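Good morning, and thank you for coming. I would ask you to keep the sequence and the structure in view while I speak.

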Amino acid sequence: MALMKLAVIPEFFARLKKAIPEPETELEYDNVYQLLVAVVLSAQATDAGVNRATTPLFKRIKTPAQMMELGETRLIDYIKTIGLFRMKAKNVIALSRLLVEKHGGEVPRDHAALQELPGVGRKTANVVMNVAFGEATIAVDTHIFRVGNRTGLAPGKNPLEVELRLLKRVPEPYRLHAHHWLILHGRYTCKARKPECPRCVVNDLCLFKGKTIAFDAAV
């Protein structure tokens with residue numbers, strides 16, 4: 001796999017930063033608990049789809065105790081437009097119960113403790129640690145996995161390989177927001193089926209051999 005030269009990487013992120021100086025998650029929430037729930041619901045779903053479901057839900061539910069009181073059946077009514085909604089509803093109720101019983105109703109600021117919660121894997125824990133607690137973690141979703149491999153920034157055979165390589169190769173000044181810069185770049189420019197290379201701010205730094213041209217992008 002082609003590997004981007006380390007000397008190029010600061011410029012790569014400087015351009016992404018210039019395009020989006022203060023990147024943020026597109027999930028909508030009012031507190032850390034709501035963020036956790038939204039990220040759990042976002043697995044194999046779009047942020048926009050999750051937001052449509054959680055907007056009315058989060059007007060009513062703001063704490064794990066309130067979620068437990070709502071119950072799994074009524075939660076399903078709110079999130080049934082989201083993929084895998086039955087399993088996700090079960091996990092959200094279970095993680096809410098564990099938060100109340102083990103953490104005093106608060107979301108723990110600890111990566112291992114987060115991963116003990118039902119429905120919370122490494123990626124979800126990384127998102128919460130980054131967005132809620134300002135830790136320089138990188139959650140590798142399908143967008144970051146694609147960008148890491150396609151550009152040569154951090155190629156890897158699986159999400160963990162890409163994550164660990166990114167943590168080694170992303171310069172420290174850019175590490176906190178790298179997660180969001182790469183997600184947004186993959187979501188809106190470096191798309192899966194037809195990347196919009198002609199308008200890409202890092203086009204000349206990218207090692208992707210199948211770059212699209214202006215004519216292709218217009219088709």
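Leaving aside neighbours within four places in sequence, N51 is in contact with E26, L27 and E28. Please bear in mind that this is a predicted model, and that applies to every value I shall quote. N51 sits in helix α3. Is this residue, N51, buried or exposed? N51 is buried, because its relative accessible area is 9%, and the cut-off for that class is under 20%. The side chain of N51 reaches the backbone oxygen of E26 at 2.8 Å.

The largest nonpolar core has 35 residues, and within it Y33, L36, M67 and L75 touch the most other members. At least two residues of this core come from each of α2 (32-41), α3 (47-60), α4 (64-70), α5 (72-79), α6 (85-103) and α8 (122-131). Which helix gives the most to this core? It is α2, with eight residues.

For L36, I can list the partners beyond four places in sequence. They are L95, L99, V107, L117, V120, T124 and V128. There is also a second, separate core of 23 residues, and M4, V140, W181 and L182 are included in it.

Next, the empty space. Rolling a probe the size of a water molecule over the atoms shows where such space is left. The largest pocket holds about 660 Å³ of space. Its lining comprises 31 residues, of which S42, A45, D47, K123 and D141 are the closest to the centre of the pocket. Several helices take part: α2, α3, α6, α8, α9 (142-151) and α11 (172-188) each supply at least two lining residues. With five residues, α11 gives the most to the lining of this pocket. What is the make-up of the lining of the largest pocket by class? There are eleven nonpolar, twelve polar and eight charged residues.

How many cavities of 30 Å³ or more does a search of the whole structure find? The search finds one. About 80 Å³ of space lies in the largest cavity. The residues that line the largest cavity are R150, T151, H185, T189, C190, P195, C197, C200, V202, N203, C206 and F208. By class, this cavity lining divides into seven nonpolar, four polar and one charged.

Most residues other than glycine have a negative phi. Q44, however, is not a glycine and has a positive phi, near 55°. Q44 belongs to the loop between α2 and α3. With a relative accessible area of 73%, Q44 is exposed. L84 is found in the loop between α5 and α6. How is L84 classed by accessible area, and why? L84 is partly exposed, because its relative accessible area is 43%, a value that falls between the cut-offs of 20% and 50%.

That concludes my presentation, and I welcome your comments.

Terms used
Residues are numbered from 1 along each chain as its sequence is written. This is a predicted model: local features need pLDDT of at least 70, side-chain atom pairs count only at pLDDT 80 or more; totals for chains, interfaces and linings use all residues. Side-chain values use heavy atoms; hydrogens and water are left out. A nonpolar core is a set of buried Ala, Val, Leu, Ile, Met, Phe, Trp, Tyr and Cys residues joined through side-chain atoms within 4.5 Å. Buried means under 20% relative accessible area, exposed over 50%, partly exposed in between (1.4 Å probe, protein chains only). Helices (H or I, at least four residues) and strands (E, at least two) are DSSP runs, numbered from the N terminus. Contact means heavy atoms within 4.5 Å. On a 1 Å grid over the protein atoms alone, a cavity is a set of points where a 1.4 Å probe fits but cannot get out, and a pocket is an open set with protein on both sides within 12 Å along at least five of seven lines; lining residues have an atom within 4 Å of a point. Grid points are joined across faces, edges and corners, and a volume is the space filled by probe spheres set on the points. Ala, Val, Leu, Ile, Met, Phe, Trp, Tyr, Cys and Pro count as nonpolar, Asp, Glu, Lys and Arg as charged, and the others, Gly among them, as polar. A polar contact is a pair of N or O atoms within 3.5 Å; within protein, one must be able to donate a hydrogen and the other to accept it, and residues adjacent in sequence count only if both atoms are side-chain atoms.
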